[in-house]
Amino acid sequence: MLTSATWHTLSTGEVLTRLESGLGGLSSYEVSVRLQQFGPNQLQAGKKISPWSLLFAQFQNVLVIILLIATALSGFLGETVEAVTIAAIVLLAVVLGFVQEFRAEKAMEALKKMAAPTAKVLRDGEQAEIPAEQLVPGDIILLAAGDRIPADARIIEEANLRTEEAALTGESLPAEKTADVIANPAAGIGDRRNIVYGGTSVSHGRGKAVVTATAMQTEFGKIAAMLDQVETEETPLQKNLDRIGKTLAKVAFGVVMVISAIGWYKGESLVDIFLFGIALAVAVVPEALPAVVTISLAIGVQRMVRRHALIRKLPAVETLGCTSVICTDKTGTLTKDEMTVRKIWVAGKTYDVSGAGYAPVGAFSLNGREEKPVLGLLELLTAGVLASDARLIEETDTIFDITGDPTEGALVVAAAKAGLYRGDLELLAPRVAEIPFSSETKRMVTLHKFEDGHMAYAKGAPEMLLPLCSRVWGEQGETLLTDKGREEILAAASAMASQALRVLAIARKGDTDLAGSSTDLKFLGLVGMIDPPRPEVKDAIRECHQAGIRVIMITGDHPVTAEAIAKELGILKNEKVVTGMVLEKMSDEELDRELPGIAVFARVSPSDKLRLVTALQKQGEIVAMTGDGVNDAPALKKADIGVAMGITGTDVTKEAAAMTLTDDNFASIVAAVEEGRGIFGNIKKYLMYLLSSNIGEIIIMTVATLLGWPLPLSAVQLLYLNLATDGFPALALAVDPPERDLMLQAPRNPHTGIFTKRVMALMLTGSVWLAVLILGIFFWATHSGRDMSESMTMAFVLLVVAEFVKSYNFRSDHLTALRGTFSNKWLNIAILWELGLLLCIVYVPFLQAAFGTFAIGLRDWAVIITLALTIVPVLETAKWVLRQTRT
């Protein structure tokens, strides 16, 4: 059996011979044999992962394992509140991860829904309608307008056959089909005009075809196989959290070993050494980290809904934040997927038509100046409407759609912009006869009855319609069409085509019938149309460039069209346009070398898109892939972040994608990038704040032990500090407003992680200064006549207050905290709440006993607050130095 890439190169006779079939179809016996050989015509799902396996996988996470150990140890130490809190956090993280992954693999079911339920076939020489899953290669299928095509097939007969292939190829217009041989063996899917594809539909005409591929061998089947084979990678955030978990595990183990060894050397009891070592180890681990991450992402998701984006996988929000390349489809993503008239040539003048899409809002201008439509222009627009079948539908005051062919819809909308509506024109000139469009004549003719006679209107390809014309509409009215006039018209058509416009010629003839409508026509003019860019996309792409994000167009459409749209939107400047045929001939090494200089890929196949995403990822890029068609699904799944279109997108792409745009607006991606950057920034703030405090605590305890001092903090106080600093203030940082310069920064390199040199420098500065303060006040208190309980209380209170002051400084690792200091209301509330708890611990008698605290006086509070505030100038100075050195 031949591959799908070669059937189009054979004549219909050769195809039937190779498939051992005939024009009367297969016999029932042959069908049964082939069903055994090829199996049913249905997509096969890959191996399903059991729910139990998914649930177990949630526990194979370093941080979760550490937290489970912390839960057990907290329970052993009698810290019931801590144990229950950590257990609840673990449960939340596990359940959330399980639910997300359990819902993640539905793309195959969506693909199956796109398959045709039945098929009309010829078997044993007779027509029959059978379940589509019973089709086999060699079956003869019959196609008519409105049919869903049940399998890939080679056309053997057709009459004006056109199919809707946008979901597979990205082509915005129906594909014209032919039974002729396509000689190029390397022709892409969209160029194999004698092949119809399973899962697409017939928009016009009828045809007969012989099935060449079924089930997983069809183009849709290959997409299904790619979806099943694509492995999703961990997000940058997941990788960072795994690294943090492993690092903290090592630190915790090291701390326990060092403290235990020193305690043993000093002759302390093994029970005391064990309990204190465990308390310090638990203090190192940020128990609230999964909760902070979950809450940050969940809040980001809520914000995204308000900005027209639905998040299917929570980590996708963060991934968008470090996106460095957006690979975007053209049709329906960058463009409106609504054909629009852009230029009209009448009587030697070229008019520009404003407006985009099917909304009848726009004006006509000549040389940049708006003008009222002249008689010749009105005649052309009238002819365009009457020679079409499309109708304009007003769904709401601002939403319009069309029924019928998109090209004809563009003509109807252009006429409406001039105040000419189909209903009014049909009342004046009802249609009495027509000659439908055919691939041979490439024109459509309609005959209309007026009060004073009949008028024929024709529209079609300029090269086919112009030879039938003998006169032309000129500035002075009707004139003879000379050779010079024909050259001028063809030059105007060529100029429009060079701008990627689809060009139609329009003509008319009075006092005639259908038989006479093919000669002596009067040429009215040319119409140039295109699927236009969305008005807001240009600004969105400019914002992407400002944020350091590269935009690449990857489309199945024609390269000329793709280039024109890319230039208009600012995607293409000095870069190259490469076709799928050229891409296929490139080796991986050549592609790797050429990729930075290419901004547009046209006429590409689904496997090409997947290859490009993979190549970009190998270069270290974080790739977001947008799309709406089935052809985008494998690449969406492979990309770091797949973005589907909610309105025009197929179910397949929505299931394969991590995010869906509810307004199909490319501009919403920019909002998603901002949210993603903000979320990662908030997680970084939380970790800087928390780990700086924990490192400070470790320094304090280690230095005190090495100096032979009494320990400034008890095990219970350490555990409380862990809860206090992991509690509301940390969660409040998770909802901190984004930094002012967030969208002026280059994309974050995911491989550098959270702990950059800048972050580490700032954290260590805060930790060291915190240790100096605590050790200093403890030394001063113990040497100024205070007992151990009072000295430890002052150290404990100063540590808590200093960490709260520090939380305001860690709202940015480079911007000053002196501007907009209290703009995070949740942090303000959290600090007040925690200060209230601290006062209870210091002054309520039964809590004093539990925590070993002492009621300190106002003078002591003044010393503590003064020392705590010194954190501000120390960290502000550190930020200033880091800004100067650009660390």
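Me: What is the order of the strands in the open sheet of eight strands?
Reply: The order is β8-β28-β27-β26-β9-β23-β25-β24, and the pairing is mixed. Strands are DSSP runs of E, at least two residues long, numbered from the N terminus. Two strands pair if DSSP finds at least two bridges between them.

Me: Why do β8 and β24 stand at the edges?
Reply: β8 (309-311) and β24 (576-579) each have a single partner strand, so one side of each has no neighbour in the sheet.

Me: How do you know that β23 and β25 pair?
Reply: Strand β23 (residues 550-554) and strand β25 (residues 598-602) share two bridges, in the parallel sense. The rule asks for at least two.

Me: What makes Cys327 buried?
Reply: Buried means under 20% relative accessible area (1.4 Å probe, protein chains only). Cys327 has 0%, so Cys327 counts as buried. Cys469, at 2%, is buried too.

Me: How many disulfides are there?
Reply: A disulfide is a pair of cysteine sulfur atoms within 2.5 Å. By this rule the count is zero.

Me: How do you know how far to trust the model?
Reply: This is a predicted model: local features need pLDDT of at least 70, side-chain atom pairs count only at pLDDT 80 or more, and totals for chains, interfaces and linings use all residues. Residues are numbered from 1 along each chain as its sequence is written, and side-chain values use heavy atoms, without hydrogens and water. pLDDT is the predictor's confidence in each residue, from 0 to 100. The protein averages 83, and 84% of the residues score at least 70. Over residues 103-116 the pLDDT is below 50. Where pLDDT is low, the predicted coordinates should not be read in detail.

Technical notes:
Contact means heavy atoms within 4.5 Å. Buried means under 20% relative accessible area, exposed over 50%, partly exposed in between (1.4 Å probe, protein chains only). Helices (H or I, at least four residues) and strands (E, at least two) are DSSP runs, numbered from the N terminus.
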